[in-house]
Amino acid sequence: MKTGIIVYIAGSDLTDNAVDLKTAVSNLNIEADRLEVVSATSGHFDISDAWWSLTVKGMQRIICKLAEFTSLGDLKLTGRELRLCG
């Protein structure tokens with residue numbers, strides 16, 4: 001079963017301060033077949049759009065994980081997750 005992960009970035013978005021969002025997400029070391037990001041400034045703008053994108057790409061198990069930026073500008077997972085499909 002293919003697994004897709006949605007990383008939902010909550011709170012203040014520090015991408016204005018030269019934080020590379022792709023690098024920050026890759027530093028989370030998330031194991032998945034596909035990964036989508038929901039953020040105010042880049043990626044998808046809502047969870048349903050990211051869910052649809054993963055569904056179309058053949059993902060049967062989709063999990064949404066909540067992340068936020070720390071005061072140092074690093075992205076960290078909060079430990080909250082929601083299983084959307086599969």
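Predicted model: local features only at pLDDT ≥ 70, side-chain atom pairs only at ≥ 80, totals over all residues.

Colleague: Why is Cys 64 called buried?

Modeller: Its relative accessibility is 8%, and buried means under 20%. Cys 64 therefore counts as buried.

Colleague: What makes Cys 85 partly exposed?

Modeller: Cys 85 has a relative accessibility of 28%. The buried class is under 20% and the exposed class over 50%, with partly exposed in between, so Cys 85 counts as partly exposed.

Colleague: Why does Tyr 8 count as partly exposed?

Modeller: Tyr 8, which has its place in strand S1, is at 33% relative accessibility. With the limits at 20% and 50%, Tyr 8 therefore counts as partly exposed. Together with Ile 47, Leu 82 and Leu 84, Tyr 8 makes a nonpolar surface patch of about 310 Å².

Colleague: Which residues make up the largest nonpolar core?

Modeller: That core has 12 residues in all, among them Ile 5, Val 7, Ile 9, Leu 21, Val 37, Phe 69 and Leu 75. Strand S1 (3-10), helix H1 (21-26) and strand S3 (61-69) each give two or more residues to this core. Apart from it lies another core, of 7 residues, including Ile 6, Val 38, Ala 50 and Cys 64.

Colleague: How do you know that S1 and S3 pair, and in which sense do they run?

Modeller: Two strands pair if there are at least two bridges between them. S1 and S3 are joined by 8 bridges and run parallel, so they count as paired. Within this pairing, Ile 6 has Cys 64 in S3 as its bridge partner.

Colleague: What makes S3 and S4 a pair, and in which sense?

Modeller: There are 7 bridges between S3 and strand S4 (residues 75-85), in the antiparallel sense. As at least two are required, S3 and S4 therefore count as paired. The bridge partner of Lys 65 in S4 is Glu 81.

Colleague: Which residue takes a positive phi in the hairpin of S3 and S4?

Modeller: Gly 73 does, with a phi near 95 degrees; the hairpin has 5 residues between the strands.

Notes. Residues numbered from 1 in each chain as written. Heavy atoms only, no water. Core = buried A, V, L, I, M, F, W, Y, C linked by side-chain atoms within 4.5 Å. Buried < 20%, exposed > 50% of the residue type's maximum accessible area, 1.4 Å probe, protein only. Helix = DSSP H or I, 4+ residues; strand = E, 2+ residues; numbered from the N terminus. Patch = residues over 30% accessible without salt bridge, like charges linked within 9 Å, V, L, I, M, F, W, Y side chains within 5 Å. Areas by Shrake-Rupley, 256 points an atom, 1.4 Å probe, with all protein chains shown as cover. Salt bridge = Lys/Arg side-chain N within 4 Å of Asp/Glu carboxyl O.
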